[in-house]
Amino acid sequence: MTEPLEKRLEKAMAELQAAQEAVARTERELRQASFAVLSSDRAVRATVGPQGELTGIEFLENKYRDMSHQELAASVLEAANAARLKMNKHVMKAMAPFAEPSSDVPELKGFELDWERIFGPEVLQDDDEDTARDAETAPGWRDALGDDGED
């Protein structure tokens, strides 16, 4: 037998309120998020804020002094883009549950987000690919020390 409309409405309202509270918590967390990433040559650390904006650049160990302008620019762009990608993936993972259909209220079907259109195709690549790339560029002694070079 189907559940009375009043009971279904009550469930839907409770789920909506819980979802609104969860979205508010997630938004607060995301407003405080930042990611820092080292370039593969370990010359530059770039930090991005919650909207992917560049909030910091560090030139490490005076390596920039021995680099050409093009090499330094490439290192800055590499680190900044990698940090931005990490932030995009973080936002995607944090917001994905809110797009899923409700298990308790079948009428709340959820919605699809085109993450690729929002953030670009890189955001859909598996984290395993990022980990493999980081492992290839990180010196072995950093792994032994447990220092992956990221904050």
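The protein has 5 helices and 3 strands. Here helices (H or I, at least four residues) and strands (E, at least two) are DSSP runs, numbered from the N terminus. The order along the sequence is α-β-β-β-α-α-α-α. The model is predicted: local features need pLDDT of at least 70, side-chain atom pairs count only at pLDDT 80 or more, and totals for chains, interfaces and linings use all residues. Residues are numbered from 1 along each chain as its sequence is written, and side-chain values use heavy atoms, with hydrogens and water left out.

Of the 151 residues in the protein, 28% are buried. Buried means under 20% relative accessible area, exposed means over 50%, and partly exposed lies in between (1.4 Å probe, protein chains only). Accessible areas come from the Shrake-Rupley method with a 1.4 Å probe, and for residues only the protein chains shown count as cover.

UniProt, in an unreviewed entry, lists residues 2-36 as "coiled-coil region". UniProt positions follow the numbering used here, feature names are shortened, and annotations may be inferred rather than shown by experiment. In the model, this span is 80% helix and 6% strand. The C-alpha atoms at its ends lie 52 Å apart.

Helix α1 covers residues 5-32 and includes Leu16. Patches are made of residues with over 30% relative accessible area and no salt bridge; like charges are joined within 9 Å, and nonpolar side chains (Val, Leu, Ile, Met, Phe, Trp, Tyr) within 5 Å. Leu16 is partly exposed, at 41% relative accessible area.

The side chains of Glu58 and Arg45 form it, at 3.4 Å from N to O. Glu58 lies in strand β3 and Arg45 in strand β2, so the pair ties together parts that are 13 residues apart in sequence. Arg45 is buried, at 15% relative accessibility. Glu58 is partly exposed, with a relative accessible area of 35%. Side chains of opposite charge can pair when their charged atoms come close.

Two loops contain residues with positive phi. Arg42 sits in the loop between β1 (35-38) and β2 (44-48). Its phi is near 60°, a positive value in a residue other than glycine. Arg42 is buried, with a relative accessible area of 11%. Glu61 lies in the loop between β3 (54-59) and α2. Its phi is also positive, at about 50°, although Glu61 is not a glycine. Glu61 is exposed, at 63% relative accessibility.

Asp41 belongs to the loop between β1 and β2. Asp41 is partly exposed, at 33% relative accessibility. The C-alpha atoms of Asp41 and Lys63 are separated by 9.1 Å, and the two residues are 22 residues apart along the chain.

A charged patch involves Glu112. Glu112, Asp114, Glu116 and Glu122 form a negative surface patch. Lys and Arg count as positive and Asp and Glu as negative, while His and the chain ends are not counted. The place of a charge is taken as NZ of Lys, CZ of Arg, CG of Asp or CD of Glu. Glu112 lies in the loop between α2 (69-95) and α3 (115-119). Glu112 is exposed, with a relative accessible area of 80%.

Technical notes:
A salt bridge is a side-chain nitrogen of Lys or Arg within 4 Å of a carboxyl oxygen of Asp or Glu.
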